[in-house]
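Hi there,

Here is the structure I promised to pass on to you. Have a look at it first, and then read on for my notes.

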Amino acid sequence: MKTIQAYRFALDLTPGQERDVFAHAGAARVAHNWALARVKAVMDQRTAERSYGVAEQLLTPSLSWSLAGLRKAWNQAKPDMAPWWGEVSKEAFNTGLDALARGLKNWAGSRSGKRAGRPVGFPRFKSRRRTTPSVRFTTGAIRVEPDRMHVVLPRLGRLKLHESARKLARRLEAGTARIMSATVRRDGGRWHVSFTVGVERAERAPARPSSVVGVDVGILHLAVLSTGELIDNPRHLVAAQQRMRALGRALSRKTGPDRRTGQRASKRWERAAARLGRAHARVANLRRDGLHKLTTRLAAEHGTVVVEDLNVTGMLANRRLARHIADAGFAEIRRQLAYKTAWNGGRLLVADRWYPSSKTCSGCGTVKAKLALSEREYACEACGLIIDRDRNAALNLAALAAEFDTAGSGPVAGRGADQKTRIRGQVAVKRQPGTAPAGQTGTVPPQGRTTNRVLAKAH
Ligand SMILES: [Zn+2]
């Protein structure tokens, strides 16, 4: 089974290496901004010409938006635009042009309706202050050194890792992995290198292929399983969140930048902002770690995992819930389960977002009209069942798998499944384009495209 995976490691760069990476990231930005300005100028020119009634075939020729086209234009312009171009790897310019080509393609696709999901805006210029510095290498000498504590990248040379790359190195040595690209970027105040790797994975089967588990992703806890097991949030997460909030308040007391008045940020503000950024990264890391442990275990053990398809975008509008939901990482848990069940030979079923998993009685199937978020216990008026709210939801999700199997409906593809006026009782499977790569790995193509998204039978 061929998959594409990301391996991400923290780096310990020397000041000289840090300067080199910044130079490459800056070069990526220069190429991106130059090409974007060109694209815009040509578009504006053509619009103007059209308004004067110039015939379509006489208009200024439009610029190719493909990476190859942008690269060709840049290579002609670079001796003038960037006389220093020889000092950095050509991959640096490629990084910027590739980002622009993707941005333009997404914008065009979104505008013409070819691309599902949120509307995508026109690419914007990258500023030095606000852009995450990053550079991506796709060719040349990219390797992990035998000591597994260093990597070699073109131009940047030998970089020290902060942690051992043994997991990747083992696969490379066994010949079951091939590095496709390496991206160096700074996030959370740290430098990381992220390898996009084509991996040949052994076929596996879940430990209990016929086992079904319903997972209710929680707010108070990471998740509650239909088995009755309660998975707590990762240790230290609460402490890390408290520290993050305190740092946020400290930051707000200092003089920040103000674009209207031209006020520059104070040194204290900048230091506090860096501290806050690191705290954010720590919270994100802890959370991701907890989710990975949970999803790995679920996918290895159970043949079928059932989760809810929560409308995260809609719920984030509710501000009180917003942080908790973002924290619990609903979307992330689904994304991880999607590819991990596929790797393990299991399957993931996603319940319709309108399926009343919380309001349905897992004992008798009665659906309550209302259930306040504050009600932690589910008490059924019909059969007298009293059960923990989340456990009840998890049981209902697990029961859906049986219904899905007996319904005998094969997967029905289609984006139309997103519409809100869905017929009740419909069973369908929808496929969505991959979401943005989570986990800040940057270059990883979306995974889990083949998840079964069950629009389960509503009661
Ligand atoms: Zn009941």
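Let's begin with one side chain that you can find on the outside: Lys267 is exposed, with a relative accessible area of 61%. Its partner is Glu270, and the two side chains meet in a salt bridge, 3.7 Å from N to O. Glu270 is partly exposed, at a relative accessible area of 29%. Both residues belong to helix α6, which covers residues 267-301, and they sit 3 residues apart, about one turn of the helix. Before going further, please keep in mind that this is a predicted model.

**The protein as a whole**

The chain has 459 residues, and 43% of them count as buried. Its secondary structure comes to 10 helices and 14 strands. The accessible surface is about 24700 Å², and carbon and sulfur atoms hold 52% of that. How much of the contact count comes from residues 24 or more positions apart? Among contacts with a separation of 6 or more, such residues account for 66%.

**More salt bridges**

Searching the whole structure gives 20 salt bridges. One of them joins Asp12 and Arg190, whose closest N and O atoms are 3.2 Å apart. This pair links distant parts of the chain, since Asp12 is in strand β1 (residues 2-12) and Arg190 is in strand β7 (residues 190-200), 178 residues apart.

Another salt bridge is formed by Arg376 and Asp390, with the closest N and O atoms 2.8 Å apart. Here Arg376 comes from the loop between β12 (347-351) and β13 (377-379), while Asp390 belongs to helix α10 (residues 389-407), and the two are 14 residues apart. Arg376 is partly exposed at 32% relative accessibility, whereas Asp390 is buried, with a relative accessible area of 9%.

**The zinc site**

Which residues hold the zinc ion? The protein donors are the SG atoms of Cys361, Cys364, Cys380 and Cys383, and they lie 2.2 to 2.3 Å from the ion. Along the sequence, these donor residues follow the spacing C-x2-C-x15-C-x2-C.

Why is the arrangement called tetrahedral? The 4 donor atoms subtend angles of 108 to 111° around the zinc ion, and the arrangement is tetrahedral because these angles lie between 85 and 135 degrees. For comparison, the ideal angle for four tetrahedral donors is 109.5 degrees.

Cys380 is buried, with a relative accessible area of 8%, but Cys383 is partly exposed, at 43%.

Finally, turn the model until you can see Val30, Trp84 and Trp85, which make a nonpolar surface patch of about 240 Å². Trp84 is found in the loop between α2 (67-81) and α3 (90-112).

Happy exploring, and enjoy the structure!

Note on methods. Residues numbered from 1 in each chain as written. Predicted model: local features only at pLDDT ≥ 70, side-chain atom pairs only at ≥ 80, totals over all residues. Heavy atoms only, no water. Patch = residues over 30% accessible without salt bridge, like charges linked within 9 Å, V, L, I, M, F, W, Y side chains within 5 Å. Areas by Shrake-Rupley, 256 points an atom, 1.4 Å probe, with all protein chains shown as cover. Salt bridge = Lys/Arg side-chain N within 4 Å of Asp/Glu carboxyl O. Helix = DSSP H or I, 4+ residues; strand = E, 2+ residues; numbered from the N terminus. Donors = N, O, S within 2.8 Å, 3.2 Å for Na, K, Ca; no water. Tetrahedral: all angles 85-135°; square planar, octahedral: opposite > 155°, others 65-115°. Buried < 20%, exposed > 50% of the residue type's maximum accessible area, 1.4 Å probe, protein only. Contact = heavy atoms within 4.5 Å.
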